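Here are some quick notes to read alongside the model. Have it open while you go through them.

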Amino acid sequence: MTMPGHIRVSVRPIESGCSAYLDAINEMVAEGVRALLASESGWAQAVLVDSEVAGVVTLSTDGEIAMYLEQEFQMKGVGSAVLPRTIQKAVNAGLRVNAKARTGSGGAALAQKLGFRMTHERENEQFFVLHE
């Protein structure tokens with residue numbers, strides 16, 4: 001999909017044992033994705049902007065959606081382009097969709113924009129569930 005400002009956003013599956021996409025993102029995030037895939041408790045997709053790896057989006061079997069974007073790709077509409085499809089996959093699978101974000105972050109604002117409501121807050125994180 002092409003976004004305002006003419007950037008092209010797409011996603012590609014990340015398979016267990018495939019490191020090409022994960023080598024391009026934050027090491028701590030990549031390790032979390034590898035653990036999710038190894039445990040077979042969810043799936044992951046690389047988020048590409050104009051064919052460059054911008055981050056990753058994951059969906060766990062318990063319905064938690066997580067997205068990490070490199071800083072230069074944040075606040076540019078990338079999350080708004082990717083997350084609705086991920087949310088729809090979770091809903092279609094019958095999952096109770098939930099997410100968390102840092103308090104005051106763009107992720108928290110995006111969650112609310114996409115129909116999530118905050119359930120509680122702990123330390124510097126806000127927890128959300130998809131409002132049905």
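**Pocket and sheet**

1. Start with α3: this helix gives the most to the lining of the largest pocket, six residues. Helices (H or I, at least four residues) and strands (E, at least two) are DSSP runs, numbered from the N terminus. A pocket here is an open set of points on a 1 Å grid over the protein atoms alone, where a 1.4 Å probe fits, with protein on both sides within 12 Å along at least five of seven lines; lining residues have an atom within 4 Å of a point.

2. Before going on: this is a predicted model, where local features need pLDDT of at least 70 and side-chain atom pairs count only at pLDDT 80 or more, while totals for chains, interfaces and linings use all residues. Residues are numbered from 1 along each chain as its sequence is written, and side-chain values use heavy atoms, without hydrogens and water.

3. Back to the pocket: 41 residues line it, and A66, M67, Y68, L69 and K100 are the closest to its centre. Elements giving two or more residues to the lining include α1 (27-38), β5 (65-69) and α2 (78-92).

4. Now the sheet. It is open, with three strands in the order β6-β8-β7 and antiparallel pairing (two strands pair if DSSP finds at least two bridges between them). β6 (98-102) and β7 (116-122) are the edge strands.

5. β7 and β8 (residues 125-130) are joined by six bridges. One to look up: H120 has F127 in β8 as its bridge partner.
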